[in-house]
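Please look over the sequence and the three-dimensional structure shown below.

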Amino acid sequence: MAADKTKILDTLSKLLKQKNIDKIRAIIQDVKVDVEKLSSNESEIQDKVSNGKFIKVKSKYLLGELDQILDTRTIERTKYYIQRLVRALTETKTDKINDLNLHRWKEYDDILTDSLWILGKRDTSGAHSGGYWGNFIPQIPNQLLRRYTKKGEWVLDAFLGSGTTLIESKRLGRNGVGVELLRKVANSAAKAIEREDDLSSSRTEIIVGDSSNLDFKTEFRQRKIQSVQFLIMHPPYWDIVKFSKDKRDLSNAKSINEFLDLFGKIVDATYPVLDKGRYFAVVIGDKYSDGNWIPLGFYTMQEVLKRGYFLKSIIIKNFDETKGKRNQKELWRYRALVGGFYIFKHEYIFLFKKS
Ligand SMILES: C[S@@+](CC[C@H](N)C(=O)[O-])C[C@H]1O[C@@H](n2cnc3c(N)ncnc32)[C@H](O)[C@@H]1O
């Protein structure tokens, strides 16, 4: 809904000249009443700077800012908050690695900043579907891409699977390149990505191949991709889910050392194509073997740290029962009690930065 609110900015600007705090408060109250009338979560405010253009502002955010102005006691503080709101409505301040307007950071209340992610139901909108055994939920790439990339930048997923990352990249106006060992899986990912609406003419490239043995520079050159600005890997959790019989498939590694060796090769192979100062995320969980907990997550983290990346965060993300265990919840609980172990309900997102 387009709010006829050119006057909000005019009013706020005029208030900066006002010397009487009670008068300011009364006028802010009036503005609040106006904003409260907006039923939509998103309103539009005339952007003075870009002359005639409209910027989208959430009315919830605006109300919060107006309340903060009303809550202050001194005229200096009141004016400081008014000034800050005027700036938030007219100027954009972005980081080098994303498009978030830091002047209006309070608007991004759906962007996670804590290291514990309790994500709700899988996003099944658009081309997303939960059909591929071993895929991750789209909210993971969604969160990461919005924080660590800008529109028009390139994202590389070295374990494409059903294409979740690339669907999300397309949706967010990022270009995506993905590598998948299995042609059939790659083809169906390509079809799914194709189904997603193309709102911003972003590019998608799929390479069928073995990420541990791929000359990324050459592959990129052939596709006229210079480099990527974000790298994501969601490898098999060793042999928990077998994706194929191909011995290059990480889920067929004969030992943990072979698994880590192949994973390390992929970290090496992708290193040259990620821009310096940009981020790399590894999504992985642990596993049990012969009743013992194998900390796959921390082992893979070490492989990355050996290779010149800095660790920026370890995020713990919840997950629901896997499809296999969903119908046997009680049985697994009984087994856990008898066997003295805990049932996995979390996985990791390790975030690294290239120095
Ligand atoms: C955990 S799944 C990734 C799922 C993906 N994130 C999604 O949401 O669909 C891992 C994928 O890596 C693929 N894979 C295994 N070894 C590979 C290798 N050496 N090179 C490329 N892809 C590989 C598997 O075929 C599987 O599709």
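Serine 201 is exposed, because 9 other C-beta atoms lie within 10 Å and a residue counts as exposed at 12 or fewer. This residue belongs to a predicted model, and its place is the loop between α7 (183-195) and β6 (204-208). The backbone of serine 201 has a phi near 50°, a positive value in a residue that is not glycine. Such a value deserves attention, because most residues other than glycine have a negative phi.

Tryptophan 238 also has a positive phi, of about 50°, without being a glycine. The loop that holds tryptophan 238 runs between β7 (228-233) and α9 (256-270). Is tryptophan 238 buried or exposed? Tryptophan 238 counts as buried, because it has 25 C-beta neighbours inside 10 Å and the cut-off for a buried residue is 20 or more.

With these two residues in mind, the whole chain can be considered. The protein has 355 residues, of which 33% count as buried. Its secondary structure comes to twelve helices and twelve strands, and its C-alpha atoms fill a box of roughly 75 × 55 × 35 Å along the principal axes. Among the contacts with a separation of 6 or more, 68% join residues 24 or more positions apart.

The helices come next. Helix α12 (residues 329-339) is hardly covered: of its eleven residues, the number that are buried is zero. After α12 comes glycine 340, whose phi is positive, near 70°.

Two other helices pack against each other. Packed helices are described by the angle between their axes and the distance between the axes. For α9 and helix α10 (residues 296-305), the angle is about 40° and the axes are 9 Å apart. The angle therefore makes α9 oblique to α10. The crossing of α9 and α10 is right-handed. Which residues of α9 meet α10? On the side of α9 they are Ile256, Leu260, Phe263, Gly264 and Val267, and their partners in α10 are Tyr299, Thr300, Glu303 and Val304. The residues of this contact between α9 and α10 divide into six nonpolar, two polar and one charged.

The strands may now be taken together. Strands of a sheet pair through backbone hydrogen bonds, either parallel or antiparallel. In this model, eight strands form an open sheet with mixed pairing, in the order β3-β11-β12-β8-β7-β4-β5-β6. Its edge strands are β3 (116-117) and β6, each of which pairs on one side only. Helix α6 (residues 164-171) packs on the sheet and touches β4 (154-157), β5 (175-180), β6 and β7. The direction of α6 makes about 170° with that of β5.

The pairing of β3 with strand β11 (residues 309-318) is parallel and has two bridges; here tryptophan 117 has lysine 317 in β11 as its bridge partner. Between β11 and β12 the pairing is antiparallel, over nine bridges, and tyrosine 309 is the bridge partner of lysine 354 in β12. Strand β12 (residues 346-354) pairs with strand β8 (residues 274-284) as well, in the antiparallel sense over six bridges. In that pairing, phenylalanine 280 stands opposite phenylalanine 352 in β12.

Note on methods
Residues are numbered from 1 along each chain as its sequence is written. This is a predicted model: local features need pLDDT of at least 70, side-chain atom pairs count only at pLDDT 80 or more; totals for chains, interfaces and linings use all residues. Helices (H or I, at least four residues) and strands (E, at least two) are DSSP runs, numbered from the N terminus. Axes are lines fitted to C-alpha atoms, for helices over the stretch in contact, and angles run from 0 to 180 degrees between N-to-C directions. Angles under 35 degrees count as roughly parallel, over 145 as roughly antiparallel, 65 to 115 as roughly perpendicular and the rest as oblique. A crossing is left-handed if the near helix is turned anticlockwise from the far one by less than a right angle, and right-handed if clockwise. Two residues are in contact if their C-beta atoms, placed from the backbone, lie within 7 Å. Ala, Val, Leu, Ile, Met, Phe, Trp, Tyr, Cys and Pro count as nonpolar, Asp, Glu, Lys and Arg as charged, and the others, Gly among them, as polar. Two strands pair if DSSP finds at least two bridges between them.
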